[in-house]
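Please look over the model below before reading on. My notes follow as numbered points.

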Protein chains: 2
Amino acid sequence: MLEFWRHGYEATSIASLTTAMGIRPPSLYAAFGDKRHLFEEVVQRYRRYDFTARALAEEPTARAAIARVLREAAANYTAPGHPPGCLVFSAAVNVGPESADVREALRGIREAAKAAIAAVIASDVAAGLLPEDTDPDILALFYAATVQGMSTQARDGATRRDLERVAELAMLAWPGKREDAAEGPPGPGPG
Amino acid sequence: MLEFWRHGYEATSIASLTTAMGIRPPSLYAAFGDKRHLFEEVVQRYRRYDFTARALAEEPTARAAIARVLREAAANYTAPGHPPGCLVFSAAVNVGPESADVREALRGIREAAKAAIAAVIASDVAAGLLPEDTDPDILALFYAATVQGMSTQARDGATRRDLERVAELAMLAWPGKREDAAEGPPGPGPG
DNA sequence: CCGTATTTATAGCGACCGCTACAGAAAAGG
DNA sequence: CCTTTTCTGTAGCGGTCGCTATAAATACGG
């Protein structure tokens with residue numbers, strides 16, 4: 001998993017995997033089938049700790065959920081003991097046409113996560129917790145882009161503190177806060 | 001260039017390059033040396049239209065410059081006629097250890113762009129256009145992350161309009177605006 | 001301690017990688 | 001038209017890719 005995480009799907013050779021595991025190719029193929037199946041198992045294993053899904057399920061509001069996602073992204077993407085950034089974002093960026101399905105599989109995971117973010121936002125809009133004119137898809141796209149940017153910055157050397165500050169800045173784009181925090185006592189409405 | 005742009009450095013083979021150019025390997029090697037030199041020339045060619053450097057040089061304020069960078073990123077990353085996203089961000093993500101220098105070369109370009117953004121921000125802070133407590137490096141990191149996230153989202157299928165909305169949201173994190181726009185008539189200062 | 005079943009290591013398959021020697025075709029000079 | 005020079009196409013170099021047939025080594029039942 002660490003090999004795929006660091007170098008990506010195609011750039012990780014069977015030889016590097018077998019040496020990392022301390023086994024020989026026939027054992028690897030007996031245990032996992034082929035390289036693609038092994039990678040699928042790696043992705044499954046990686047996703048067992050899906051802090052995004054966990055935050056979306058556990059936090060009471062979309063705002064709290066996304067703030068937590070950004071906070072945990074800052075921590076996880078820079079945590080020691082494994083490569084920086086997110087495997088789902090970075091493991092199948094540069095693939096030849098013969099591995100397009102691997103790239104599409106990871107893209108599907110990304111799209112599902114984005115849709116899950118949009119769902120909790122839409123839920124809070126429906127519940128009146130967010131302005132009616134909030135576009136859940138666009139807001140989800142913005143925070144998905146933020147998280148991906150944080151992952152890339154982590155790979156480029158950003159620290160946890162750096163990314164936490166980025167997360168704070170990203171939360172300034174959250175809707176409703178602006179008027180809520182600064183408009184003061186409610187004045188006369190428009191009309 | 002389009003081949004490298006779409007598939008990345010290592011995933012692009014000499015065979016695919018020669019067929020795309022309509023030439024044979026010996027002609028390619030006579031003209032460009034080896035694959036690495038060809039890629040360097042591709043990156044140079046790609047950077048001839050560096051909308052970030054242009055915006056930073058031409059716009060009068062850091063805010064205008066970065067708003068323009070985000071706007072042009074939305075347009076360029078989704079423009080027809082070439083692959084989506086940015087070559088500097090996406091062409092050397094998954095490389096083996098033998099091509100680490102290619103990845104580092106692109107990383108250097110990214111770091112330089114980030115430093116250039118930080119420079120214009122620091123300049124405006126020094127000029128009093130931005131709050132004194134503004135951290136140019138962190139703000140530059142945030143917008144660099146945003147642009148990279150936009151590039152990735154473009155590769156995942158986001159449209160120009162999508163990315164323009166993301167750009168608008170990102171500009172909500174710009175410092176100073178908050179108080180300027182919403183605090184109303186200046187009240188008594190602190191103390 | 002012996003025979004059997006399972007796992008392991010050795011060696012190598014065909015295919016493709018980046019790259020190049022060499023020969024045949026095209027262009028330039030007389 | 002012939003020679004010389006430049007260029008292009010064919011073929012193939014050593015090496016690595018993902019993957020596997022086969023044999024040696026191990027664990028198990030009696």
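**Notes on the model**

1. Helices (H or I, at least four residues) are DSSP runs, numbered from the N terminus. A residue is near a strand if its C-beta atom, placed from the backbone, lies within 6 Å of it.

2. A word on the source. This is a predicted model: local features need pLDDT of at least 70, side-chain atom pairs count only at pLDDT 80 or more, and totals for chains, interfaces and linings use all residues. Residues are numbered from 1 along each chain as its sequence is written, while chains are lettered from A and ligands numbered from 1 in the order in which they are written.

3. Back to DNA strand D. It is surrounded by 14 residues, and the closest are S13(A), I14(A), P25(A), D34(A) and K35(A). Helix 3 of chain B supplies the largest share of this surface, 4 residues. The surface near DNA strand D holds 9 nonpolar, 2 polar and 3 charged residues. Here Ala, Val, Leu, Ile, Met, Phe, Trp, Tyr, Cys and Pro count as nonpolar, Asp, Glu, Lys and Arg as charged, and the others, Gly among them, as polar.

4. Now the two chains. In chain A, 37 residues are in contact with 36 residues of chain B. Contact means that the C-beta atoms of two residues, placed from the backbone, lie within 7 Å. On the chain A side, helix 8 (100-126), helix 9 (136-155), helix 10 (160-171) and helix 11 (177-182) give two or more residues each. Helix 9 of chain A gives the largest share, 11 residues. That side of chain A divides into 18 nonpolar, 11 polar and 8 charged residues.

5. How are the copies related?

6. One residue to check. Y46(A) lies in helix 4 (residues 35-47) of chain A. Leaving aside neighbours within four places in sequence, Y46(A) is in contact with M1(A) and L87(A).
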